[in-house]
Amino acid sequence: MSHAELIDEWFSFASDLRCACLSLLPKTPVQTACSLEESPDLFAVLLFCRTITNFKGAISLFRQGLIIEAQTLQRSCFENSLWLRRLAHEGTAFAKAISDDGLFNEASFVTLLIPAVTDKNTLAQLEGIRDLRKGQKRINMGGSSTLDGATEDYTEFRRLSMSAAHPSSTSLLRHLVKNPETGDFEIAVEVAEDSQELLTNLFFTIAAMMHTLNSFIECVSPLDGERIRNVMATRIVALQAISAS
């Protein structure tokens, strides 16, 4: 099988995986009226939805040859996987941590706004939000690394932060390309991807979606979840075997 054919097979599998994940949502009843802090199931569903859309975005960008942009969403898939893994292990305690993280970010944003506000009523409202959120903490992404399988996801999350998501020298220098004919360095707006790099990134993006799927199943036990996961895992193993041959 040629590289082009193999890439098509991985893209086809990615599409099937997304459809399989979507099929689980109608089979997952969840309470939407309860307190967020007391609803790990609801946060599990929301994280799963977010990962499905991040996954779709990453695959679409890979198809368009926008590898840096796709890796940025690939990073989000790994971040979601880390959160869902902790939700599966910590339940309500981590649901509260997600809520606290949101409150912390709101307070941080309000703190930035306050110096520029002159209207007394608006200022009082902002100060109230800031004071109400005091004591909340952000989620420590490294806190997942002690869980089974999380070390690899956290490593990928950090690598993609450096090489794609943030404007670090590592990611920016991807736009400086050496011309093989002249030996001169040239500026490239869109970073070129070779077939092997594309295959590698497709695999890791799919791995992040699969890890999220596994944690989602642990959280909410959706009907038919384990069967779908096993079918998808079997297909990955088969594709890996073809890729290695």
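You're looking at a predicted model, where local features need pLDDT of at least 70 and side-chain atom pairs count only at pLDDT 80 or more, while totals for chains, interfaces and linings use all residues. Residues are numbered from 1 along each chain as its sequence is written, and side-chain values use heavy atoms, with hydrogens and water left out.

Let's start with the helices (DSSP runs of H or I, at least four residues, numbered from the N terminus). Two packed helices are described by the angle between their axes and the distance between the axes. Find H3 at residues 67–90 and H6 at residues 150–165: their axes come within 9 Å and cross at roughly 150°. Axes here are lines fitted to C-alpha atoms over the stretch in contact, and angles run from 0 to 180 degrees between N-to-C directions. So H3 is roughly antiparallel to H6, a label for angles over 145 degrees.

Who's touching whom? Contact means heavy atoms within 4.5 Å. On the H3 side you'll find, among them, Ile-68, Phe-78 and Leu-82, and H6 brings residues including Tyr-154, Phe-157 and Leu-160.

Now for the cysteines. A disulfide is a pair of cysteine sulfur atoms within 2.5 Å, and the whole structure has zero of them. Take Cys-19: its closest cysteine sulfur, in Cys-21, is 9.4 Å away, so that's too far for a bond. Cys-19 is partly exposed, at 44% relative accessible area. Cys-219 is in no disulfide either, with the nearest cysteine sulfur, in Cys-49, 13 Å away. Cys-219 counts as buried, at 19%. Buried means under 20% relative accessible area, exposed over 50%, and partly exposed in between (1.4 Å probe, protein chains only).

Definitions and conventions: Helix = DSSP H or I, 4+ residues; strand = E, 2+ residues; numbered from the N terminus. Parallel < 35°, antiparallel > 145°, perpendicular 65-115°, else oblique.
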